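Here are some friendly notes to read beside the model. Keep the 3D view open and find each residue as you go.

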Amino acid sequence: MSPANPSGQLRTPLIAGNWKMYKTIEQAEEFIAALLPRVSSVDGVDIAICPPFTALQAMVDSTRGSRVAVYAQNMHYAPEGAFTGEVSAAMLDEIDVGGVVLGHSERRELFGETDRALAQKVPAALAAGLQPVLCVGETEDERERGDTERKLRHQVQEGLARVAPERLGEIVIAYEPIWAIGTGQVATAEQAQEAIAFVRALVADRSQEQAQSTRILYGGSVKPDNAAELLALPDIDGALVGGASLDAESLAAIVAAVSGTDRQP
């Protein structure tokens with residue numbers, strides 16, 4: 001079962017598949033046709049896919065009435081403007097996209113995403129009715145230097161700085177150790193739980209009550225064979241899945257792993 005917060009409510013686990021720059025519309029349609037029957041009867045877990053921009057509308061149309069939500073991989077914080085190559089929250093909302101991944105490590109490292117920009121993106125997504133998924137995490141060098149907590153503190157505090165305390169529980173945070181993304185390396189259960197518990201404590205610095213409602217995901221080479229162990233940890237509320245989300249059977253197996261996990265508060 002999902003861990004309970006002090007008010008007795010449960011945090012519903014979330015499995016979100018981040019496709020990155022993979023899948024044409026045709027490939028996405030083939031994927032969703034294979035996924036939906038595999039997850040139609042699963043209870044107690046939220047499911048989302050994060051296609052590239054070109055496939056968002058097709059996936060929204062193909063998932064209507066299903067258990068699967070559609071999230072974007074990025075957005076700009078401004079409602080409109082001279083920002084070539086960007087899309088706004090209103091543009092995503094218009095086509096019924098349900099959420100958006102913000103600050104993925106690849107956006108930060110390859111495309112210059114800054115904490116200052118994320119401090120504006122997170123509340124902009126919330127204001128538009130989108131589910132923000134704020135990504136945080138340390139590099140291998142930072143972990144080896146003992147700087148994991150310093151890095152996480154900076155990213156969480158900056159990313160949530162403009163979110164009202166009473167709305168913190170509406171944010172999803174994804175902890176993704178950069179050294180484990182696409183490398184086949186996975187944080188040990190102890191490493192993952194320790195980092196995610198620390199992230200929850202950072203939210204609790206703003207609001208203890210809201211911290212117990214905030215869903216915190218693990219991301220970093222999550223696969224069907226390691227999902228159950230990670231998702232059974234008390235502070236881990238699901239996963240942001242990369243490569244393993246590109247195959248419908250694989251993603252469905254991860255969903256099944258969390259739905260069948262007995263998690264204690």
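Predicted model: local features only at pLDDT ≥ 70, side-chain atom pairs only at ≥ 80, totals over all residues.

1. Begin with the largest nonpolar core, which has 72 residues. Which of its members touch the most others? They are I15, L35, I49, M75, L160 and Y218. Helix α8, residues 189-204, gives this core its largest share, with 9 residues. There is also a second, separate core of 12 residues, and Y71, V101, V133 and L240 are among them.

2. Now click on I49. Setting aside neighbours within four places in sequence, I49 is in contact with residues including G17, W19, F31, I32 and L35. Further along the chain, its contacts include M59, V68, A69, V70, Y71 and L251.

3. How many disulfides does the structure hold? The count is 0. Take C50: its closest cysteine sulfur belongs to C135 and lies 8.9 Å away, too far for a bond, because a disulfide needs the two sulfur atoms within 2.5 Å. Seen from C135, the closest cysteine sulfur is that of C50, again at 8.9 Å. C50 is buried, at 0% relative accessible area, and C135 is buried too, with 0% relative accessibility.

4. Finally, look at helix α10 (residues 224-231) and helix α11 (residues 248-259), which pack at an angle of about 25° with axes 8 Å apart. The two therefore count as roughly parallel, since the cut-off for that label is under 35 degrees. Their crossing is right-handed. On the α10 side, P224, A227, A228 and L231 make the contact, and they meet S250, A253, I254, A257 and V258 of α11.

Notes: Residues numbered from 1 in each chain as written. Heavy atoms only, no water. Core = buried A, V, L, I, M, F, W, Y, C linked by side-chain atoms within 4.5 Å. Buried < 20%, exposed > 50% of the residue type's maximum accessible area, 1.4 Å probe, protein only. Helix = DSSP H or I, 4+ residues; strand = E, 2+ residues; numbered from the N terminus. Contact = heavy atoms within 4.5 Å. Axes fitted to C-alpha atoms, helices over the stretch in contact; angles between N-to-C directions. Parallel < 35°, antiparallel > 145°, perpendicular 65-115°, else oblique. Left-handed = near helix turned anticlockwise from the far one by under 90°.
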